[in-house]
Amino acid sequence: MIRTGHLTTALTKGATFSSWLAAACLLGMMGATCLDVALRFFRYPIAGAYETVGFLGALMVAFALADTTLKGGHIAVEFLADKLPPASRKWLNRTVTLVLIILFSLLTLRMGRHALELKEAAEVSMTLKIPVWPVVTGITAGMGLFVAVLVTRLR
């Protein structure tokens with residue numbers, strides 16, 4: 001049986017690693033965009049730059065979710081919640097977290113199924129002809145880690 005402290009530590013390490021992956025995706029997006037713009041000046045644009053930036057952008061968002069949640073970095077609209085008494089505020093936070101867990105669990109399951117369908121169909125991207133399923137699998141992993149972090153917030 002896994003202790004809660006060990007689980008929290010593992011999730012924190014996983015979220016930190018995931019945020020580094022998000023940073024690498026952002027760096028890749030910037031590099032591909034800058035290189036493509038610079039090479040267009042010499043009439044040698046990079047084939048698939050737009051496709052690459054799209055894939056990396058989707059991965060970046062998915063990989064950043066868990067760490068951002070752990071650090072409380074999401075934007076929150078609190079003008080209503082601030083007017084509630086502490087007990088009601090706590091109930092509202094738990095309700096919202098539970099709704100997010102349900103929603104993102106369903107999304108994660110569907111994305112995982114979609115990744116398997118893409119792999120089975122040998123779906124590739126239009127320009128670069130690279131398999132799409134690893135990108136969808138990465139997004140699924142990022143969202144799964146996000147759900148795990150949300151579950152720890154329910155305590």
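A residue is called buried when its relative accessible area is under 20%, exposed when that area is over 50%, and partly exposed in between, with a 1.4 Å probe and protein chains only. The model shown is predicted, so that local features need pLDDT of at least 70 and side-chain atom pairs count only at pLDDT 80 or more, while totals for chains, interfaces and linings use all residues. Residues are numbered from 1 along each chain as its sequence is written, and side-chain values use heavy atoms, with hydrogens and water left out.

**View 1. Ser18 in helix H1.** Ser18 belongs to helix H1, which covers residues 4-41; helices here are DSSP runs of H or I with at least four residues, strands are runs of E with at least two, and both are numbered from the N terminus. With a relative accessibility of 4%, Ser18 counts as buried. Once neighbours within four places in sequence are set aside, Ser18 is in contact (heavy atoms within 4.5 Å) with Phe63 and Leu145.

**View 2. The salt bridge between Asp36 and Arg40.** A salt bridge is defined as a side-chain nitrogen of Lys or Arg within 4 Å of a carboxyl oxygen of Asp or Glu, and by this rule the count comes to three. In the pair formed by Asp36 and Arg40, the closest N and O atoms are 3.0 Å apart. Because the two residues are four apart in helix H1, about one helical turn separates Asp36 from Arg40. Asp36 has a relative accessibility of 9% and therefore counts as buried.

**View 3. The salt bridge between Asp67 and Lys71.** Asp67 is joined to Lys71 by a salt bridge whose closest N and O atoms are 3.0 Å apart. Asp67 counts as buried, at 8% relative accessibility, whereas Lys71 counts as exposed, at 64% relative accessibility.

**View 4. The salt bridge between Arg110 and Glu117.** Here the closest N and O atoms of Arg110 and Glu117 are 3.6 Å apart. Arg110 is partly exposed, its relative accessible area being 38%, and Glu117 is also partly exposed, with a relative accessible area of 40%.

**View 5. Met143 in helix H4.** Met143 is part of helix H4, residues 133-152, and is buried, with 9% relative accessible area. Not counting residues up to four places away in sequence, Met143 touches Ala62, Leu65, Phe104, Leu107, Thr108 and Met111. Gly48 lies 95 residues from Met143 along the chain, and the C-alpha atoms of these two residues are separated by 26 Å.

**View 6. The whole chain, as context for the close-ups.** The protein has four helices and zero strands, and from the N terminus on the elements run α-α-α-α. Its radius of gyration, taken over C-alpha atoms, is 19 Å, well over the 15 Å that the globule rule (2.2 Å times the number of residues to the power 0.38) gives for 155 residues, so the protein is more spread out than a compact globule. Along the principal axes, the C-alpha atoms fill a box of roughly 60 × 35 × 25 Å. Of the 155 residues, 28% count as buried. Among contacts between residues at least 6 apart in sequence, 75% join residues at least 24 apart.
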